Amino acid sequence: MNGAAAHPLLDGLRHPLRALRLRIERWGQRHGRSPQASVTVQRGRIYILPTRFGLGFALMTLVMLLAATNYANSMAFALSFLLAALGLVSMHQTHANLIGLTLSAGASEPVFAGDGARVIVNLGNASSVIRLSVELRWADGGTLAVHDLPPRDTQRYELVCRTGRRGRHPLPMLRLSTEYPLGLFRAWTTMTLRGALLVYPQPAAAGPLPSSDGSGQRLASQAQAGQDDFAGFRDYRPGDSPRLIHWKSLPRTGRPLIKQFESGSSTEVWLSWQQTAEPDAEARLSRLARWVLDAEAAGARYGLRLPGSVLPPAAGAAHRAACLEQLALFDAAAAQGRDRAR
Amino acid sequence: MKKPAASRIDALPQRSLWRLLGVMLLVIAPHLLRLPPWESAAVLALGVWRVVATRRQWPAPHAAIKAGLTILAFVGVYASFGRVWGQHPGVALLVIMLGLKLTELRARRDVVVTVFLLYFLLLTHFLFSQELWTLFYLLACTIAVTAVLADTHHAGGALPARLALRIGGRLIAQSLPLMLLMFLLCPRIPGPLWTLPDDAGAARSGLSETMSPGDVARLASSDEVAFRVRFEGAIPPAADRYWRGPVLWAFDGRSWSAPPQPFTANPPLQLEGPGYRYETTLEPSRTPWLFALDYADASALPERTRLSSDYELMSWKPVNERLRYVAQSQPRHRAQPDLSDRERRRLLTLPAGYNARARALAQSWQQAGGGDRAIVDRALAMFRDEAFFYTLEPPRLGRDSVDEFLFQTRRGFCEHYASSFVVLMRAAGLPARVVTGYLGAEKNPFGDHYVVRQSDAHAWAEVWIAGFGWTRIDPTATVSPARVEQSLGALGSGTRQAREGLFGALDWQTLRYQARSVYDWIDAQWNGLVLGYGTDLQRDLLDRIGLGNWRDMLLALTGTITATLLLIGGLMMRKRRPAAPTDAALRLWRQATRQLQAQGLPQNRGEGPRDFADRVARERPALAAPVRALARAYLQARYEAVEPTSEALRELRLAVDALKR
Amino acid sequence: MNPHLQDAVASLSRIVLGKDRQLRLALSCLLARGHLLVEDLPGMGKTTVALALARVLGLTHHRVQFTSDLLPADILGVSIYETASGNFRFHPGPVFTQLLLADEINRASPKTQSALLEAMAEEQVSIDGQTRALPQPFFVVATQNPSDQVGVFALPESQLDRFLMRISMGYPAAAAERALLTEPERRDLLLGLAPSLTPEALIELQREVQQVRTAPALIDYILALVHHTRAHPALQHGLSPRAALALRHAAQAWALIDGRGSVIPEDVQAVFAAVATHRLQARSAGTAPSAQDILAAVAIP
């Protein structure tokens with residue numbers, strides 16, 4: 001938010017409505033309910049305040065009322081009262097526009113720290129009334145998206161959430177708000193949905209992978225080349241593909257020989273906490289994360305050795321995810337304690 | 001929200017902009033005719049510019065151009081009105097500013113300000129006219145403007161026009177009951193709160209404290225209602241329907257006026273003969289004069305009024321809202337039998353150096369002798385016997401207006417006759433004065449009331465005759481006796497009616513007269529009950545239901561408003577609950593499960609109908625048969641085909657009914 | 001219900017005791033033209049079920065025991081060079097049968113697994129640039145040990161999706177186990193089992209399955225279930241459209257076995273666990289909702 005640098009009191013004077021809104025929200029946060037898988041917006045959880053247009057409208061209506069009184073003009077009275085009533089009714093409409101909407105969180109892919117996590121949020125309108133101009137965003141900012149919700153329908157929205165530290169974090173608070181129909185009032189409610197964001201450590205800058213013997217040779221290029229390295233011949237066995245038969249030698253030997261290739265997946269590498277040279281735990285985890293990515297990209301089979309846990313060598317997306325999850329959830333403080341005890 | 005890119009000049013999608021322009025035209029239209037022509041043209045031109053600029057994607061005009069236009073607008077309004085405040089210049093400024101706002105509709109804020117200006121501009125129409133049709137205009141305009149406001153606030157493209165109108169219409173419809181409550185119950189503070197500008201209110205014709213030649217004639221063409229009267233009991237004959245208004249006694253050779261006088265005790269007044277009691281509803285005149293038949297009974301004056309030394313019924317302050325009062329009058333009287341010397345002098349004064357021939361004539365009458373009565377008769381005889389004509393379009397008169405009228409033009413309206421008659425009387429030594437007011441009253445066949453219009457405005461003379469006191473003399477009656485018997489409008493149409501009768505045509509005149517009567521009756525109700533609903537009427541009405549004071553009114557207001565809002569809010573909330581199933585079979589099934597739930601057998605979430613029936617059968621064996629039948633019928637109706645067949649639905653309905661028993 | 005079908009169910013339950021539910025699921029899987037994965041510990045009667053199915057349905061069957069050194073050619077068949085004629089001649093592998101019993105499929109290398117799974121998906125085999133159609137009907141009944149056992153290659157998710165259902169047998173009930181111990185060997189009983197159906201009758205039944213009605217309300221229910229899994233925070237991915245289709249076919253088959261011409265929500269619920277759970281992956285181990293949880297959370301529209 002802009003102007004965050006200003007003194008809060010000053011800011012409050014400049015934007016009294018926004019300050020009030022934040023105050024209410026903070027109160028709501030303190031008294032908020034525990035996260036739920038699915039939340040239906042209840043009447044009692046909706047806050048409503050006039051917008052600056054609403055205040056302008058009220059002022060205008062007041063001036064019109066004064067003019068009507070001054071001129072003792074009945075039609076002017078009628079118009080002023082109609083507008084006053086319009087304000088009141090629109091307040092109710094704004095409030096009702098959020099009632100009964102249902103939110104639930106969907107899956108969210110794990111992300112690296114610092115990247116935006118995409119969280120799926122389902123916004124449902126079970127009523128028979130269309131809900132126009134419903135805004136959904138994270139309570140602490142993020143891009144605003146305004147949606148129209150058709151009756152008896154559920155829409156899926158993707159919200160990008162900024163991530164900071166690695167680890168498993170609860171979903172941040174969501175804010176659902178609306179200024180429908182006339183923009184004179186702003187109704188909003190906040191809620192926290194159950195769900196977790198898995199944030200991997202931010203990968204360190206590129207660097208060489210450690211080799212199996214720890215000498216730090218460039219494994220990546222070797223593994224890639226090794227994918228189709230010729231390793232020798234062997235005798236034909238039923239079931240071998242004719243493509244692998246070494247035809248050139250057939251007339252010479254009289255029996256088919258099968259070409260044998262060495263696959264890169266046989267390369268195994270251990271990624272270990274001890275091999276990292278970085279001074280602090282987070283940097284080491286970042287380094288390990290980089291290695292996991294590089295090893296997977298290189299097609300190697302890799303294992304992860306952390307203080308207190310070991311993942312045996314394997315390859316594939318699932319293994320990569322498992323390794324990164326280990327890194328994300330690694331308890332650095334405990335590991336340091338263990339180090340010191342040793 | 002991001003500010004739109006600089007290259008675009010609109011905050012609105014094009015479709016919304018067209019709508020805004022359309023609604024703007026609707027709201028400004030009635031003003032366009034009242035404004036100076038240059039301004040109407042300028043506003044229309046700005047609208048056209050806006051359309052083209054949006055179509056062609058022209059860049060927004062430079063700030064200096066906008067500032068220049070604004071200054072020009074002020075200068076133009078000043079040039080047209082001679083000032084920039086007051087009702088007319090104010091409206092002119094508001095309209096031109098609204099037009100200029102079209103040059104900057106870049107942010108949503110600009111659009112909202114424009115829409116708010118539209119609401120405000122709507123109010124200004126009612127300063128010019130509050131007739132019945134304006135109510136419909138008000139509703140149509142508020143719905144349209146509100147729809148535009150809703151459209152403005154809808155992010156992501158223009159709303160479909162019908163949806164926008166529906167939103168606007170629904171909002172206004174829900175606001176109407178609240179408006180009605182506020183209108184009835186919101187305590188009205190008697191206005192005005194600040195001094196009204198001189199040109200406040202509709203350009204209202206009516207009698208004032210001055211009268212120049214041509215003033216009353218101008219009124220004669222106005223069909224506007226001056227006041228309405230309802231008689232209690234006897235109704236005075238036409239010849240007695242002289243409604244006394246401002247009494248003018250100071251003459252400057254051309255105009256009559258009523259300069260303020262030091263307050264004096266009411267002069268003696270003896271009333272005789274039959275009296276009339278009547279309730280008058282006076283249209284706002286912005287003057288303190290109320291109108292009463294000659295002469296109002298000082299002992300039965302309406303509240304907050306007094307009787308002046310010239311027997312005028314005066315309100316304490318100018319009548320700015322419709323006023324209803326009950327007065328009592330008696331046409332037979334003896335007013336002010338004695339006149340003090342000071343009064344006498346005042347009422348004999350004529351400006352020196354004007355109208356020499358008339359004065360000479362009058363003095364010759366005085367010298368001829370025969371008493372006061374004889375002088376009066378001589379003057380009336382002159383009007384009757386010589387070639388004087390009563391006309392609505394008299395020739396213009398010069399400096400010695402009375403001389404020119406009496407000896408040259410001889411064509412005039414009531415004010416000419418009254419004015420020259422009083423000059424003649426004064427010159428002949430009789431104290432005399434001009435009385436303005438209305439003559440006549442037209443009965444409305446639908447209401448039991450009489451209507452007095454501005455066209456009934458009249459001027460007559462009063463002469464003080466020793467021994468009798470003030471005596472009313474109407475010289476016009478001498479020239480055109482019919483004027484007294486009939487209202488002026490009827491007088492004019494009489495000849496037309498005769499003409500059409502010759503051709504044996506349909507009696508359009510009667511039809512028109514009837515239509516006018518119906519309209520007048522509705523208009524009277526509208527005026528009396530709605531437009532006249534001010535401080536007094538409100539107190540009267542609410543007193544009757546025991547809400548006479550402010551505190552009770554406010555309590556009732558808050559109470560009823562809250563109740564209505566709760567009702568509206570409740571209805572809204574009801575509509576926003578999960579919708580009832582559209583499927584007939586599902587509705588019936590829900591009906592049945594609700595009933596079972598009431599018996600402690602709720603269907604679990606995700607529990608299939610057959611499983612539910614089996615569970616109920618286990619838990620409540622007595623219900624086994626009907627519930628199983630119910631589930632079977634439901635499954636048959638809901639899952640057997642795309643649409644439930646009518647037989648299946650009938651089965652299901654029977655099963656649901658069976659469960660109830 | 002179709003008398004042959006009734007007969008088949010009865011015969012099956014004579015062989016596999018106390019497992020009516022699993023047998024019906026297995027049968028509806030085949031009627032819905034799907035492949036079946038039976039997962040359980042060794043010795044729980046997985047193979048017996050598969051063999052019993054083959055016999056009762058009157059299908060030709062082959063059995064392949066998967067091992068880590070099994071090559072794709074061992075299943076699909078090979079072109080063998082015949083020195084006499086100087087030509088390659090195709091020797092069809094065991095996959096060319098109506099019912100292939102793939103025992104312990106997860107013991108084979110991923111390469112071999114995928115060779116089989118491709119054959120399952122396409123119902124044809126491409127070897128040496130030649131496409132050979134598999135017989136009709138063609139079913140694979142695979143058995144697998146729970147993945148936490150040693151020396152197994154877990155089937156990748158994308159390939160699990162090719163099995164219409166995954167069922168597990170579970171321990172038999174006490175009475176059934178007693179009968180197992182006292183009565184003659186199941187394998188011997190199998191030999192004496194007469195087929196209740198012919199392959200032609202089976203194909204006819206498969207056609208009937210497709211004609212079982214699914215009302216819009218039922219489709220709504222399937223969609224609600226699928227959407228729920230997609231929105232579930234504990235699940236990595238929700239059910240795919242293919243899974244939704246599988247759910248529908250399986251429910252249709254279940255309804256047919258139950259003797260009905262239209263599907264009701266209970267049918268969907270009956271097959272849901274078998275159809276859905278192997279296609280769902282938990283975000284982190286041990287947090288996945290059970291099929292029962294999902295069914296209980298989704299209201300029937």
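Reader: Which residues touch the most other members of the largest nonpolar core?

Author: This is a predicted model, in which local features need pLDDT of at least 70 and side-chain atom pairs count only at pLDDT 80 or more, while totals for chains, interfaces and linings use all residues. Residues are numbered from 1 along each chain as its sequence is written, and chains are lettered from A and ligands numbered from 1 in the order in which they are written. A nonpolar core is a set of buried Ala, Val, Leu, Ile, Met, Phe, Trp, Tyr and Cys residues joined through C-beta atoms within 7 Å, where buried means that 20 or more other C-beta atoms, placed from the backbone, lie within 10 Å of the residue's own. Among the 124 residues of the largest core, those touching the most other members are Ala76(A), Leu79(A), Val292(A) and Val145(B).

Reader: Which helix gives the most to this core?

Author: Helices (H or I, at least four residues) and strands (E, at least two) are DSSP runs, numbered from the N terminus. With 14 residues, the element that gives the most to this core is helix H4 (residues 74-96) of chain A.

Reader: With which residues is Val292(A) in contact, leaving aside its neighbours within four places in sequence?

Author: Two residues are in contact if their C-beta atoms, placed from the backbone, lie within 7 Å. With the neighbours within four places in sequence left aside, the partners of Val292(A) are Leu271(A), Tyr302(A), Leu304(A), Arg320(A), Cys323(A) and Leu324(A).

Reader: How many residues of chain B are in contact with chain A, and which helix supplies the largest share?

Author: On the two sides, 53 residues of chain B are in contact with 46 residues of chain A. Helices that each supply at least two residues of the chain B side include H5 (108-128), H6 (133-152) and H17 (508-531). That side divides into 35 nonpolar, 14 polar and four charged residues, where Ala, Val, Leu, Ile, Met, Phe, Trp, Tyr, Cys and Pro count as nonpolar, Asp, Glu, Lys and Arg as charged, and the others, Gly among them, as polar. The largest share, nine residues, comes from H7(B).

Reader: Why does H3(A) count as roughly parallel to H5(B)?

Author: Axes are lines fitted to C-alpha atoms, for helices over the stretch in contact, and angles run from 0 to 180 degrees between N-to-C directions. Helix H3 (residues 52-71) of chain A packs against H5(B) with the axes 11 Å apart, at an angle of about 10°. Angles under 35 degrees count as roughly parallel, and therefore H3(A) is, relative to H5(B), roughly parallel.

Reader: Which residue takes a positive phi in the hairpin of S3(C) and S4(C)?

Author: Strand S3 (residues 77-82) and strand S4 (residues 87-92) of chain C pair in the antiparallel sense over six bridges, and Ser79(C) stands opposite Phe90(C). The hairpin has four residues between the strands, and the residue with a positive phi near 70° is Gly86(C).

Conventions. Parallel < 35°, antiparallel > 145°, perpendicular 65-115°, else oblique. Buried ≥ 20, exposed ≤ 12 C-beta atoms within 10 Å, placed from the backbone. Pairing = 2+ DSSP bridges.
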